[in-house]
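Reader: Hi, I'm new to this one. Could you put it up and walk me through it?

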Amino acid sequence: MSRTVRLVLVDATGRTLGALPDFTVPVPWWQDTVEVVAGARAAYGTEVAVLRLLPGQRGGPPGGHVGYLAEAVGPVGVPLLPAEAVEPAAHPLRAPYAQPGGPAASLAWAAGQLDRLGRPAAEAAQQRTWNLSAIWRLDGPHGTTWLKQVPSFFRHEAAVLRLLADDPDTPTLLAADDEGRMLLDHVPGEDRYGADAAERTAIAAVHHALQLRAVPIVDRLAAAGVPDLRGVALARWLRTMLAPHPAADRQLAAVETRLAEVSRCGLPDTLVHGDLHPGNVRADGRRRTVIDWGDSFVGHPAFDVLRLTEQLPAGPAAAVVADWCARWRSDVPGCRPERAVALLRPVAWLRMAAVYAMFLAGIEPSERIYHARDVPANLARAAAEPG
């Protein structure tokens with residue numbers, strides 16, 4: 001699957017310059033910008049920074065025809081096609097990195113921080129931009145650094161990484177600011193999308209040790225701004241986020257009773273990653289590093305093993321969960337992890353629906369196409385779980 005790309009260009013002030021002729025890139029994922037930037041350079045001799053989706057996309061990701069607003073970085077190499085003027089006023093929910101001048105401001109901040117650290121970058125390459133993050137790779141004589149900028153609802157990621165600064169299983173935070181910008185040291189290896197059950201068991205073991213280490217600092221995490229979704233607080237948050245969705249009413253009616261029973265299972269609250277699929281783990285054969293902590297919260301550890309096993313067939317998933325349960329029984333004598341997992345299965349789907357509802361409430365309309373189907377899909381999964 002590929003993408004056909006339409007780039008409407010603006011200058012640093014937001015003035016519309018015109019559009020490049022459509023071109024095709026082989027990577028279907030709309031948020032990935034490497035091939036888009038490279039395609040504009042190769043086909044039209046034009047350097048660009050992709051800002052955001054344009055309204056009115058046909059269909060949805062991945063693949064297909066997709067339009068972006070992009071800022072021209074330097075001279076435009078070809079005559080441009082006429083394009084409709086883009087409204088210059090910023091939408092109140094627009095991320096700073098999605099506005100003209102935003103990428104340049106973030107790169108300037110990163111350059112200043114890297115100079116201060118004594119590891120200047122010689123090259124910067126845009127990797128991704130969408131409503132959940134903008135990511136740039138910065139390379140120099142001292143190695144690779146990653147510039148990541150996130151929207152307001154993910155800005156506690158920096159707080160998590162600061163408090164886990166000495167933890168061997170998390171990335172190294174080099175710098176952060178109040179605009180959602182972070183500089184992260186390079187983590188060697190590959191993202192483990194498609195990991196089999198055996199590898200997911202190993203990931204669960206690494207993450208279990210991290211969660212045990214985090215138990216004593218849960219109050220510090222919450223005080224630093226990490227969402228506190230322990231017990232009743234989770235029920236309140238689910239009700240707030242899912243109130244516009246009547247399909248959640250039946251599950252929400254019983255959620256407080258269910259969570260009260262979960263608390264009696266005896267597992268401690270800890271730091272929850274919130275999106276522990278294998279793609280958020282990097283491995284190089286020696287070390288596994290859990291990355292992308294923007295979805296994290298303080299709460300029940302079972303949410304992570306449920307997320308980790310979502311895409312596995314029932315048998316292998318049950319084996320991973322059984323191994324996870326045995327580990328908790330060993331470390332917390334008398335706890336009942338199997339019962340906690342059974343009780344939280346529908347709540348886990350409700351939580352994912354609420355996460356996507358939060359995204360939709362916090363991003364501008366043209367970017368909502370990424371998540372528009374996710375709330376009803378997760379509510380349907382919650383309803384399908386046995387009572």
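**A first walk through the model**

Author: Let's start at Arg181, which is buried because its relative accessible area is 12%. Buried means under 20% relative accessible area, exposed over 50% and partly exposed in between, with a 1.4 Å probe and protein chains only.

Reader: Okay, and what does Arg181 form a salt bridge with?

Author: With Asp177, and the closest N and O atoms are 2.8 Å apart. A salt bridge here is a side-chain nitrogen of Lys or Arg within 4 Å of a carboxyl oxygen of Asp or Glu. Asp177 counts as partly exposed, because its relative accessible area is 22%.

Reader: Before we go on, what kind of model is this?

Author: A predicted one: local features need pLDDT of at least 70, side-chain atom pairs count only at pLDDT 80 or more, and totals for chains, interfaces and linings use all residues. Residues are numbered from 1 along each chain as its sequence is written, and side-chain values use heavy atoms, with hydrogens and water left out.

Reader: Got it. How many salt bridges does the structure hold?

Author: There are 24. One of them joins the side chains of Arg119 and Asp185, at 3.0 Å from N to O. That pair links distant parts of the chain, 66 residues apart: Arg119 is in the loop between α2 (102–117) and β6 (123–130), and Asp185 is in strand β10 (residues 181–185). Helices (H or I, at least four residues) and strands (E, at least two) are DSSP runs, numbered from the N terminus.

Reader: Is Arg119 buried or exposed?

Author: Buried, because its relative accessible area is 18%. Asp185 is partly exposed, with 26%.

Reader: Which residue does Arg339 meet in a salt bridge?

Author: Glu261, at 2.7 Å from N to O. These two also sit in distant parts of the chain, 78 residues apart, with Arg339 in helix α11 and Glu261 in helix α8 (residues 255–263). Arg339 is partly exposed at 34% relative accessible area, and Glu261 is partly exposed at 24%. There's a network of salt bridges as well, linking Lys148, Glu157 and Asp292.

Reader: Switching topic: what about the nonpolar inside?

Author: In soluble globular proteins, nonpolar side chains tend to be buried together. In this model the largest nonpolar core has 96 residues, and Leu7, Tyr68, Leu238 and Leu242 have the most contacts inside it. Helix α11 (residues 337–362) gives the most to this core, with 15 residues. A nonpolar core means a set of buried Ala, Val, Leu, Ile, Met, Phe, Trp, Tyr and Cys residues joined through side-chain atoms within 4.5 Å.

Reader: What else is Tyr68 in contact with, leaving aside its neighbours within four places in sequence?

Author: Leaving those neighbours aside, its contacts include Leu7, Trp30, Val50 and Leu54. Contact means heavy atoms within 4.5 Å. There's also a second, separate core of 9 residues, which includes Trp109, Trp136, Leu138 and Leu183.

Reader: Where is Leu306 found?

Author: In helix α9 (residues 302–308). Leu306 counts as buried because its relative accessibility is 6%. Not counting residues up to four places away in sequence, Leu306 touches Val341, Leu344, Arg345 and Ala348.

Reader: Now the rings. How many aromatic pairs are there?

Author: A search of the whole structure finds 9. Phe153 and Phe359 make a stacked one, 5.5 Å centre to centre with 25° between the planes. Rings of Phe, Tyr and Trp (its six-membered ring) pair if their centres lie within 6.5 Å; planes under 30 degrees apart count as stacked, over 60 as edge-to-face and the rest as tilted. Phe153 and Phe359 also belong to one aromatic cluster with Phe154 and Tyr356.

Reader: And Phe297 with Phe303, what are the distance and angle?

Author: They are 5.9 Å centre to centre with 65° between the planes, so edge-to-face. Phe297 is buried at 2% relative accessibility, and Phe303 is buried with a relative accessible area of 4%.

Reader: Last one: how many disulfides?

Author: The structure holds 0, a disulfide being a pair of cysteine sulfur atoms within 2.5 Å. Take Cys265: the closest cysteine sulfur, in Cys335, is 8.7 Å from its own, too far for a bond. Cys265 counts as buried, at 1% relative accessibility.
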